[in-house]
Amino acid sequence: VYLLARNARQMANGTVFPLAAPVTVVLTFVTPDKRRRDWDNALASFKAGLDGIVEAGILKDDSMDEIRIGLEMEMGEKAAVKVRLQSAVG
């Protein structure tokens, strides 16, 4: 996630980083089957991913003061996590 976030940051011309708080972070968990999953476990499984986004300099930190979390789930061929960020400014 760190490398993807770093590359996305380099391609975001004119965007000021870290993004202004609060940042809404929407995580969409893509699952290849219809098994039931717990939201708390899904979020916990992406802890290192959020840390990578912070380390890449996109977010100041991942404290509850800085980000708001939204969780979604959708079906797909392969398991994945899609990340969408929206800053309070712009």
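1. Basis of the values. The model is a predicted one, in which local features need pLDDT of at least 70 and side-chain atom pairs count only at pLDDT 80 or more, whereas totals for chains, interfaces and linings use all residues. Residues are numbered from 1 along each chain as its sequence is written, and side-chain values use heavy atoms, with hydrogens and water left out.

2. Secondary structure. The protein chain contains three helices and three strands, where helices (H or I, at least four residues) and strands (E, at least two) are DSSP runs numbered from the N terminus. Their order along the sequence is α-β-α-α-β-β. The radius of gyration of the protein chain is 14 Å, close to the 12 Å that the globule rule gives for 90 residues, so the chain is as compact as a globular protein of that length; the radius is taken over C-alpha atoms, and the rule is 2.2 Å times the number of residues to the power 0.38.

3. Extent and contacts. Taken along the principal axes, the box filled by the C-alpha atoms of the protein chain is roughly 40 × 25 × 20 Å. Among contacts between residues at least 6 apart in sequence, 83% join residues at least 24 apart, a contact being heavy atoms within 4.5 Å.

4. Burial and surface. Of the 90 residues of the protein chain, 27% count as buried; buried means under 20% relative accessible area, exposed over 50%, and partly exposed in between (1.4 Å probe, protein chains only). The protein chain exposes about 6300 Å², of which carbon and sulfur atoms supply 53%, the areas coming from the Shrake-Rupley method with a 1.4 Å probe and, for residues, only the protein chains shown counting as cover.

5. Charges. The mean positions of the 12 positive and 12 negative charges of the protein chain are 5 Å apart. Lys and Arg count as positive and Asp and Glu as negative, while His and the chain ends are not counted; each charge is placed at NZ of Lys, CZ of Arg, CG of Asp or CD of Glu.

6. Salt bridges. Side chains of opposite charge can pair when their charged atoms come close. The structure holds five salt bridges, each defined as a side-chain nitrogen of Lys or Arg within 4 Å of a carboxyl oxygen of Asp or Glu. In one of them, arginine 35 pairs with aspartate 33, with the closest N and O atoms 3.2 Å apart; arginine 35 is exposed at 58% relative accessible area, whereas aspartate 33 is partly exposed at 25%. Asp33, Arg35 and Arg37 are linked in a network of salt bridges.

7. Further pairs. Aspartate 51 and lysine 47 form a salt bridge whose closest N and O atoms are 2.9 Å apart, and because they are four residues apart in helix H3 (residues 47-55), about one helical turn separates them. Aspartate 51 is partly exposed at 29%, and lysine 47 is exposed at 51%. Lysine 82 also bridges to glutamate 74, with the closest N and O atoms 2.7 Å apart; lysine 82 is partly exposed at 43%, and glutamate 74 is partly exposed at 32%.

8. Cis peptide bonds. The bond from phenylalanine 17 to proline 18 is cis, with omega near -5 degrees, and proline 18 lies in the loop between helix H1 (2-11) and strand S1 (23-31). A cis peptide bond also joins alanine 21 and proline 22, with omega about -5 degrees, and proline 22 is placed in the loop between H1 and S1.
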